[in-house]
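Welcome! Please have a look at the sequence and the model before reading on.

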Amino acid sequence: MPIVNLDNSKAIIIFAKNFQGDVEVLYGPVSHLEYEDLEVDIKTSWNSDKTIATVNINYEKGDFLSKFFSFSKNFHQIPIKLFVNEEVKSLKLDLSSADLNIDLDSTEIEELVIKTYSGDFDVSGAPNSHMLNFFEIDSKSGDAEIDLNDTTVEEFILKSASGDFDIYNTNIYNCTFSFASGDLTIENSEIKDLNLNMASGDVSVENSLITNAKINAASGDIFIDSLTDDFYCRIDAASADVNLYVQGKESIYLEGAIKKLASSVKSNVDLIQTYEKSNFDKKRVLKINILSGDVTIKGKEIEYLAENTLKKDQTKEKSFSSDDFLTVEEKKILNLLKEEKISRTFAKELLKELGYSEEDSENFLKNRGV
C-alpha cells in the first residue's frame, strides 16, 4: 500500500478532488497517509520550516462532471487513511465528496476544519487536552454525527446547505450554526453563546444547558431543554412552535411581538411584559417575534450538578400539556375573578373573546376552583 510520509508536521492540509473518497482519520505514532489506488495523483509540499504539510490528491481519470462540478455519480471510490501523531495541532480537509470518519482520541489536535461538497461524516472522541480552539464544518450536502466526549470547543462554526446534524457531549463557548435545510439535534451538551440561522428545519436541544441564544428560523419547530437560570434568548421566526424549558421559576422578562390571531404564549412562570431594549446585562430575558406559531415556557427547579457537568442519564420531561400553562390573558382573567374585581359572568365573556365556547369557559373556571 502506498504511503506518504508526513512525520514532524504540526499542521496538515489535504485537498482531494475529482473522486468519492472514503476518508478515515485516526491517531498513529508516526504521521502518514495511506491509500490503495495507484491511479490517484498525489503531490506533497511543505512550508520553509517543514512544519506544514499540504497534500493534493487528484484522480486524473475522473469524468467531466466530477472534475468540473464535483457531483458526478461516477465518482471513483478511493479509500484513504490519515494517521496523525501528537505533534499535529491543526488539520484541514477540503474534499469534493467523501464519507468521512474522524477519531480524535489520543491526538493533540487544536484546530479542525472540514469542507466537503457531499458525503456523510462522523467526528468522535476527544483530544488529550479535551480542548479544541477552533472547529469549522462547511458542508453542501450530507448528514453528520458529532460526539466529542465532553471536549470543550472555543469556537464552533457550522454551515450546511442540506443535511441533518446531531451533536452530543460537547461544551461550546461560541457557536454559529447556519442551515439552509436540515434538522439540528443537540444532546448532553453545554453552550454559552448560540447563534443559529435556519431557513427550514427543526431544532431539538435535550438534556443540555444554553446561556445565550439567538435563533432565526423561517420554518420549523424549536424545542430547548434547557436555558440556564440567567439566560438571554431571542427568537425570530416566520412559522414555528417553540417549547422552552427554563432553569428556575423566577419571573421572565418578555419582549416581542406575538401576533394575537396567529400565536400565543403559555407559561407556568410569571412573565413581565417589557418594551425596553434588552441587553446581555439583564437576566432571564426572552425576546420573541413570531408571525405564526405558539410559545410554551416551563420553569423547572434548578438541578445543581457536580462541577457544573451535565447528568447524562437524567429523565427528560417533554410534556407541555399541563394545566399550569396559561396565556397571559388567561392568567389575568383568573386573578381578577379570584380578587373579585370582575364577576364570573364577565370572566366567561372575556374567555369567549379568547375563543372559548360557553361550555369550555365554564369548564375552564370549574377546573381551577373558581
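Is E349 buried, partly exposed or exposed? With a relative accessibility of 39%, E349 counts as partly exposed. Please keep in mind that this is a predicted model.

**Salt bridges overall**
- In general, side chains of opposite charge can pair when their charged atoms come close.
- The structure holds eleven salt bridges.

**Within helix α3**
- E349 forms a salt bridge with K352, with a distance of 3.6 Å from N to O.
- These two residues are three apart in helix α3, so about one helical turn separates E349 from K352.
- K352 is partly exposed, because its relative accessible area is 32%, a value that lies between the limits of 20% and 50%.
- Through shared partners, salt bridges join R344, K348, E349, K352, E358, E362 and K366 into one network.

**From helix α3 to helix α4**
- Another salt bridge pairs K348 with E362, and their closest N and O atoms are 3.0 Å apart.
- K348 belongs to helix α3 (residues 344-353) and E362 to helix α4 (residues 358-366), so this pair ties together parts that are 14 residues apart in sequence.
- K348 is buried, because its relative accessible area is 14% and buried means under 20%.

- K249 counts as partly exposed, at 46% relative accessibility.
- E301 is exposed, because its relative accessible area is 56% and exposed means over 50%.

- Which residues form the negative surface patch? The patch is made up of D22, E24, D99, D120, D143, D164, D183, D202, D221, D241 and D294.
- One of these residues, D202, is found in the loop between β14 (190-198) and β15 (203-206).
- D202 counts as partly exposed, with 35% relative accessibility.

How values were computed:
Residues are numbered from 1 along each chain as its sequence is written. This is a predicted model: local features need pLDDT of at least 70, side-chain atom pairs count only at pLDDT 80 or more; totals for chains, interfaces and linings use all residues. Side-chain values use heavy atoms; hydrogens and water are left out. Patches are made of residues with over 30% relative accessible area and no salt bridge: like charges are joined within 9 Å, nonpolar side chains (Val, Leu, Ile, Met, Phe, Trp, Tyr) within 5 Å. Accessible areas come from the Shrake-Rupley method with a 1.4 Å probe; for residues, only the protein chains shown count as cover. A salt bridge is a side-chain nitrogen of Lys or Arg within 4 Å of a carboxyl oxygen of Asp or Glu. Lys and Arg count as positive and Asp and Glu as negative; His and the chain ends are not counted. The place of a charge is taken as NZ of Lys, CZ of Arg, CG of Asp or CD of Glu. Helices (H or I, at least four residues) and strands (E, at least two) are DSSP runs, numbered from the N terminus. Buried means under 20% relative accessible area, exposed over 50%, partly exposed in between (1.4 Å probe, protein chains only).
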